[in-house]
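Here is a short briefing on selected local features. Read it alongside the sequence and the coordinates.

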Amino acid sequence: MRFSDIPGLQEEKKRLISFFKSGKIHHALLFFGKEGSGNLPLALAFATYLNCDKKIENDSCGDCPSCNMMQKLIHPDLHLIFPVASSPKITKEVVSDKFLESWRISFTENPYMNINDWFEICGIENKKPNISKEEAKNIIKKLSLKPFQSKQKINLIWLPEYMHNSTANALLKIFEEPPGDTLFFLVSNNYQKLLKTIISRVQMFKVNNFEPVDIKKYLGKYDDSSEQEIDSAIFLSDSSINAAEKILLNSEDDNLSFLKDWLRNCYSENFLEINKKMEWFNNLSKMSKRAFLHYSLKLMREALVSKIETSLVKVSAEEEKFINNFKKTLDKDSLADIILLFDMSISNLDGNANPKILFLNLSIKLSNFFQTIKT
Ligand SMILES: [Zn+2]
């Protein structure tokens, strides 16, 4: 990962390079930014830059042996630590090292991944993510090793907010005074969850949200998507490159026909059909579940907006037909309530709610809405 692989974030890149040039790199940097921001790729690009033997003006060379190893995430002086959970294969000493190969694949596929994407790739999606005390022991053990290739060893802890308190406490002393050849990069989407004693020992480094123009540049690789589709995905993504990509990749045709059917079932209180749909929803990958809810939310929002003013997002002719019918059925307040309902369901899904219960709950509430307008 090089700085030039990440769209935008010019200020952040400049600041990191200036840390290096001034020789003042804090031994523990906390890269914080929201989910779908570039904090993880940025931390890795900085690590690549620091280790590069032939730095160019404002980036690593991308070509030297060190850059090559960093690109494959196999550099011997880069230690990756991230949340894991026990799997059928790994039940004892559940530490990052045992999941490294999967993490490399996951990051290479999607450098903007979140915890759910990572757990899904790993096949442990219903487990509670954790950075355990054994992990702290592992880190401390590695500190005694001399760097193999570089001047320094870099320990990158992705999502330290999942550190168990005992892990965090075991690492406190090291964050304060690590051996001279060791750097810690903490990459957090929710640093407020970290112990205050950790925060006081690190240097905060804010990674801003992506600008729409940056996300557009990134999504430019999907040349079979129209500009309208891309703009719409960005509009719905809440500045997350990860969300924008998922919304874009999701097949919207299937979602529309499912949504129409489902709402019809809710309207007629057909719980036999709703039950079948609940199974369908449950069998979707987490990414597709989220994409379906996002898509539904997009159409509901459009229905509300088009009741008030001209539409903001371009929609297909089929979608427009649906929106027009839907907005005729419900008044502004009901639409606003339904939007809130979908919004909450997406948060609950991200918070690992049971998908069946979530879907059934949503169906019952929608059904109740329709019954009140029928009477
Ligand atoms: Zn290089």
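Helices here are DSSP runs of H or I with at least four residues, numbered from the N terminus. By that numbering, L9 sits in the segment before α1 (10-21). The model is predicted.

- L9 has a positive phi of about 50°, although L9 is not a glycine.
- L9 is buried, because 24 other C-beta atoms lie within 10 Å and the cut-off for buried is 20 or more.
- E93 also is not a glycine, yet its phi is positive, at about 45°.
- The loop between β2 (78-81) and α4 (100-109) holds E93.
- E93 counts as partly exposed, because 13 other C-beta atoms lie within 10 Å, while exposed requires 12 or fewer and buried requires 20 or more.

- P160 lies in the loop that runs between β3 (153-158) and α7 (165-176).
- Is P160 buried or exposed? P160 is buried, since its count of other C-beta atoms within 10 Å is 28, against a cut-off of 20 or more.
- Leaving aside residues up to four places away in sequence, P160 touches I131, L186, S188 and L194.
- P111 is 49 residues from P160 along the chain, and 17 Å separates their C-alpha atoms.

**The α10 and α11 pair**

- Helix α10 spans residues 227-236 and helix α11 spans residues 241-249.
- Their axes come within 8 Å and cross at roughly 135°.
- The crossing of α10 and α11 is right-handed.
- On the α10 side, the contact uses E229, I230, A233, I234 and L236. On the α11 side, the partners are A244, I247 and L248.
- By class, this contact has 7 nonpolar residues, 1 charged residue and no polar ones.

**The buried face of α9**

- Which residues of helix α9 (residues 212-219) are buried? They are I215, Y218 and L219.
- Viewed down the axis of α9, these buried residues fall within an arc of 95°, so they line one face of the helix.
- An α-helix has 3.6 residues a turn, so residues three or four places apart point the same way.
- The buried residues of α9 pack against both α10 and α11.

How values were computed: Residues are numbered from 1 along each chain as its sequence is written. This is a predicted model: local features need pLDDT of at least 70, side-chain atom pairs count only at pLDDT 80 or more; totals for chains, interfaces and linings use all residues. Helices (H or I, at least four residues) and strands (E, at least two) are DSSP runs, numbered from the N terminus. Two residues are in contact if their C-beta atoms, placed from the backbone, lie within 7 Å. Axes are lines fitted to C-alpha atoms, for helices over the stretch in contact, and angles run from 0 to 180 degrees between N-to-C directions. A crossing is left-handed if the near helix is turned anticlockwise from the far one by less than a right angle, and right-handed if clockwise. Ala, Val, Leu, Ile, Met, Phe, Trp, Tyr, Cys and Pro count as nonpolar, Asp, Glu, Lys and Arg as charged, and the others, Gly among them, as polar. The arc is that of the directions from the helix axis to the C-beta atoms.
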